[in-house]
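Please take a look at the sequence and the structure below before reading on.

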Amino acid sequence: MSYIDLYMQSELISQGNKEPIIYIFGIPFDSTTSYKPGTRFGPSAIRQAFKNIEYNSLNNGINISNATIKDLGNLKFTVNPQYMLDMARKVSNEVINKGFTGILGGEHLITLGTYMACKNSSLVILDAHYDLRDEYNDTKYSHATFLRRIVEERGSDNILHIGARGFGDDELEFLKSSKIVSINSKRVHENPEVIKDYLTTFNEIYLSIDLDAIDPAFAPGVGTPEPLGLTIKQFFDILAILQERKIKAFDIVELSPPYDNGSTSVLAAKIILEMIASRL
Ligand code: MN
Ligand code: MN
């Protein structure tokens, strides 16, 4: 053994050397961010937070210290949305075929690339926004339009949207005309259990977590904060309900470290922990 093996530390969160429970990779893309920039630093911040939390899961009653995690690093940096989407789709296709995958954003546009690699998965989205604009800030490919592009390509069957509270009339119109199922934040506040009724036909799920679904009081470090969001308790209750189904892959997007006090990145790390714990 050399001192390089002994003392040099990787920024990645890989651990263990058995068959991986989870594959992780990051997409440091934020070129279309319209309000609080910095989500390109999301993957690094989530990894740092993950290395600084305890590895026991209260929800699942288990410790993940012995779980094998394979962190593949980040997608090549680009400011070009089309190039990022092309890379994201190809890499996701390869990685998701290997096994359970967690993807670290980046802004929400990345999901247009990563979800498209999951041909048989339903899409569950947690987000304060619908991201259903036809165009935003003069581009068709934006964090605010990604879901519209998905619906255009794959239809709206097998999509469940949870947590909306900030949207435009044009988005609401498209939501209704394309019959996307939405449980807005008001309905979550009344009873988070209602989502169970909508999951019965969902065999395999791709879960996209826009951290702004959670209230800015708990998760201030996001690209587009929006009040009246989910509490941490509601969020993890919903996650537990979703984990009863088969989650094929998930992404955590919109963490903007320059606007974070640390609590949002730790929350993201905790989500990864619970995702791993539910698989052990
Ligand atoms: Mn979003
Ligand atoms: Mn959002």
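This report visits the metal site, a group of charged side chains, a helix and a glutamine.

First, some ground rules. This is a predicted model, in which local features need pLDDT of at least 70 and side-chain atom pairs count only at pLDDT 80 or more, while totals for chains, interfaces and linings use all residues. Residues are numbered from 1 along each chain as its sequence is written, chains are lettered from A and ligands numbered from 1 in the order in which they are written, and side-chain values use heavy atoms, with hydrogens and water left out.

**The metal site**

Let us begin with the metals. The manganese ion (ligand 1) and the manganese ion (ligand 2) are 3.2 Å apart, and aspartate 127 coordinates both. Donors here are N, O and S atoms within 2.8 Å of the metal (3.2 Å for Na, K and Ca); water is not among the atoms, so sites may look incomplete. The table sets out the protein donors.

| Ion | Protein donors | Distance from the ion |
|---|---|---|
| manganese ion (ligand 1) | His108 (ND1), Asp127 (OD), Asp131 (OD), Asp210 (OD) | 2.1 to 2.2 Å |
| manganese ion (ligand 2) | Asp127 (OD), His129 (ND1), Asp210 (OD), Asp212 (OD), Asp212 (OD) | 2.0 to 2.5 Å |

How are the donors spaced along the chain? For the manganese ion (ligand 1) the spacing is H-x18-D-x3-D-x78-D. Here the pair of aspartate 131, in the loop between β6 and α5, and aspartate 210, in strand β9, links distant parts of the chain, 79 residues apart. Helices (H or I, at least four residues) and strands (E, at least two) are DSSP runs, numbered from the N terminus.

Aspartate 210 is buried, at 1%. Aspartate 131 is buried too, with a relative accessible area of 5%, and histidine 129 counts as buried at 12%.

**A network of charges**

Side chains of opposite charge can pair when their charged atoms come close. The structure holds 13 salt bridges, each a side-chain nitrogen of Lys or Arg within 4 Å of a carboxyl oxygen of Asp or Glu. Which residues are linked in a network of salt bridges? They are Asp134, Lys140, Arg148, Arg149 and Glu152.

Arginine 149 bridges to aspartate 134, with the closest N and O atoms 2.7 Å apart. Arginine 149 lies in helix α5 (residues 146-154) and aspartate 134 in the loop between β6 (122-126) and α5, so the pair ties together parts that are 15 residues apart in sequence. Aspartate 134 also forms a salt bridge with lysine 140, where the closest N and O atoms are 3.1 Å apart.

Arginine 149 also meets glutamate 152 in a salt bridge (2.8 Å, N to O). These two residues are three places apart in helix α5, and are therefore separated by about one helical turn. Arginine 149 is buried, at 6% relative accessible area, whereas glutamate 152 is partly exposed at 49%. Lysine 140 is partly exposed at 35%, and aspartate 134 is partly exposed at 29%.

**Helix α3**

Helix α3 (residues 81-98) has 18 residues and reaches 26 Å from its first C-alpha to its last. That is close to the 26 Å expected at 1.5 Å a residue, where the expected span is 1.5 Å times one less than the number of residues. The buried residues of α3 are Met84, Leu85, Met87, Ala88, Ser92, Val95 and Ile96. Their cover includes β1 (22-27), β4 (69-74), β5 (101-105), α4 (110-114) and β10 (246-253).

**Glutamine 234**

Our last stop is glutamine 234, which lies in helix α9 (residues 232-242) and counts as buried at 11% relative accessibility. Glutamine 234 touches Val188, His189, Pro192 and Gly229, not counting residues up to four places away in sequence; contact means heavy atoms within 4.5 Å.

Conventions
Buried < 20%, exposed > 50% of the residue type's maximum accessible area, 1.4 Å probe, protein only.
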